[in-house]
Amino acid sequence: MQDVTESRAGLLDECRALRVQLERMEAALADSGSVPGTLLEELRQTRTCALARYAEAVEDRLRDNETLLHELQQRSEEQENIVCALQLYQAIFENEPAAIVGIDANGRIIQFNASAIRLFGVELHALHFQDVAALRLEGVADADQPDFGAIWRTAMTSRSDTSLRIPADVGRLFVRCYRLEDISGVRGAVVRVIAEAVDGGIN
């Protein structure tokens with residue numbers, strides 16, 4: 001807003017300076033006595049019209065500046081809201097007790113939270129952008145390891161979620177995979193793993 005105010009002051013100063021310059025030219029012509037009175041009157045009218053048009057142009061330009069400033073302020077507020085929303089999402093994602101692994105539409109591992117690292121192991125970092133079939137749960141026997149590639153393909157090709165329960169060192173694990181989509185189409189899928197309580201409930 002300060003820039004707009006300074007711009008307004010500068011343009012008004014230009015307008016005043018132009019008026020003074022034209023008035024001096026008219027006075028010089030009048031003093032010379034070589035210009036007919038009718039021509040001087042025409043010059044005064046032309047000066048008045050020119051100044052009016054210039055003033056209108058100044059106001060139009062100032063209005064454009066104020067509109068632009070308002071739009072920039074709105075965009076800044078929108079960007080701040082987006083940043084806050086992303087920070088909130090990240091905090092929720094990282095503190096979720098369930099292990100969450102994001103898979104893109106091509107079956108690649110693109111995101112995971114801290115709980116996923118605990119259940120899948122620190123090697124999960126090495127699987128970033130690797131095929132979902134490479135996922136392996138820690139504390140689960142080879143014979144009981146889920147086929148995450150098949151689970152992902154089923155979730156992506158059907159509208160129903162894929163889920164199963166498997167035995168593990170910590171008890172039974174509940175594995176669920178569901179696809180993500182919006183108005184643009186299918187975006188990918190999410191694998192969610194959480195430990196079940198002894199009574200069959202979810203911890």
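Reader: Which residue is the bridge partner of L180 in strand 5?
Author: G188 is the bridge partner of L180. Strands here are DSSP runs of E with at least two residues, and helices are runs of H or I with at least four, numbered from the N terminus.

Reader: What should I know about the model itself?
Author: This is a predicted model, where local features need pLDDT of at least 70, side-chain atom pairs count only at pLDDT 80 or more, and totals for chains, interfaces and linings use all residues. Residues are numbered from 1 along each chain as its sequence is written, and side-chain values use heavy atoms, with hydrogens and water left out.

Reader: In what order do the 5 strands of the sheet run?
Author: The order is 2-1-5-4-3, in an open sheet with antiparallel pairing; two strands pair if DSSP finds at least two bridges between them. Strand 2 (109–112) and strand 3 (162–168) are the edges, each pairing on one side only.

Reader: Over how many bridges do strand 4 and strand 5 pair?
Author: Strand 4 (residues 171–182) and strand 5 (residues 185–195) pair over 10 bridges.

Reader: Which strands does helix 4 touch?
Author: Helix 4 (residues 148–157) packs on the sheet and touches strand 1 (99–104), strand 3, strand 4 and strand 5. Contact means heavy atoms within 4.5 Å.

Reader: Changing topic, what is L135 in contact with?
Author: Leaving aside neighbours within four places in sequence, L135 is in contact with V101, I109, F120, L124, L127 and F148.

Terms used. Axes are lines fitted to C-alpha atoms, for helices over the stretch in contact, and angles run from 0 to 180 degrees between N-to-C directions.
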